[in-house]
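Please have a look at the model shown here, and keep it at hand as you read. We will walk through it together, one region at a time.

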Amino acid sequence: MEKRLDFVAVDVETANNNEDICQIGICVVKNGQKRYTMSWLVQPPGNRYDKAQMNVHHITPSRTQSAPPFDEVWQEVSPYLVGQTLVAHNCHTEIRVLNQHFKDYGILPMGINMNILCTCKMHGGKGLEACCQAYGLSFEGHHDAGFDAERCAQFYLNYQDGVPFDE
């Protein structure tokens, strides 16, 4: 496997069963070093949430009532992703949700490589919590998109560096 020293880990949190995004997080890695982690709150259509999702990520309508909608947030997020290798944990969810949002908002994700590398698959289908435990990383903060993106970036760096995965 060719080592990728520059990549961006991405994560989304959804507000409801329609999988409307309420938060996007990224972790930018350059020369094999995590440079910065960022996250954006997104107001889902109608600022609608399902209780089950709020119980998972603790993002509520009051937190996103002043947040911009996806298409406005995407204008800020996309420059970080253009031309980059993208990595996500359980990437099929991020791909499905992002592609649906591109369709719903009429966005052409020019320059975005949606062939996202999956750290979940690299780690035998283990969830984010199990991977954190296997690598001895704190799990506190899970389901914050910035936190999850940062952990995903670390999983990918560990995987590339052959760091033992203590199942």
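What follows goes from the overall fold to the cores, the pocket and a few loop residues.

First, some ground rules. This is a predicted model, in which local features need pLDDT of at least 70 and side-chain atom pairs count only at pLDDT 80 or more, while totals for chains, interfaces and linings use all residues. Residues are numbered from 1 along each chain as its sequence is written, and side-chain values use heavy atoms, with hydrogens and water left out.

Let us begin with the fold. The protein has seven helices and five strands; here helices (H or I, at least four residues) and strands (E, at least two) are DSSP runs, numbered from the N terminus. Read from the N terminus on, the elements follow the order β-β-β-α-α-α-β-α-β-α-α-α. The radius of gyration is 15 Å, close to the 15 Å that the globule rule gives for 167 residues, so the protein is as compact as a globular protein of that length. That radius is taken over C-alpha atoms, and the globule rule is 2.2 Å times the number of residues to the power 0.38. Along the principal axes, the C-alpha trace spans about 45 × 35 × 25 Å. Contact means heavy atoms within 4.5 Å; among contacts between residues at least 6 apart in sequence, 66% join residues at least 24 apart.

Now for the inside. Of the 167 residues, 46% are buried, where buried means under 20% relative accessible area, exposed over 50% and partly exposed in between (1.4 Å probe, protein chains only). In soluble globular proteins, nonpolar side chains tend to be buried together. A nonpolar core is a set of buried Ala, Val, Leu, Ile, Met, Phe, Trp, Tyr and Cys residues joined through side-chain atoms within 4.5 Å. The largest one has 26 residues, and Ile24, Phe70 and Trp74 have the most contacts inside it. Strand 1, strand 2 (21-30), helix 3 (70-81), strand 4 (86-88) and helix 4 each supply at least two residues of this core, and helix 3 gives the most, with five. Beyond its neighbours within four places in sequence, Trp74 is in contact with Pro79, Leu81, Leu98, Phe102, Ile107 and Ile112. A second, separate core of 10 residues includes Phe7, Cys27, Val87 and Cys152.

Next comes the pocket. The largest pocket is lined by 19 residues, and Asp11, Val12, Glu13, Thr93 and His143 lie nearest its centre. Strand 1 (7-14), helix 1 (51-57) and helix 4 (91-105) are the elements that give two or more residues to this lining. Strand 1 makes the largest contribution, four residues.

Finally, turn to the loops. Most residues other than glycine have a negative phi, and most peptide bonds are trans. Asn47, in the loop between strand 3 (33-41) and helix 1, has a positive phi near 50°. His58, in the loop between helix 1 and helix 2 (61-64), has a positive phi near 60°. Are these two residues buried or exposed? Asn47 counts as buried because its relative accessible area is 15%, whereas His58 counts as exposed because its value is 56%. Glu140, in the loop between helix 6 (128-135) and helix 7 (145-161), is exposed too, at 72% relative accessibility.

Note on methods: On a 1 Å grid over the protein atoms alone, a cavity is a set of points where a 1.4 Å probe fits but cannot get out, and a pocket is an open set with protein on both sides within 12 Å along at least five of seven lines; lining residues have an atom within 4 Å of a point.
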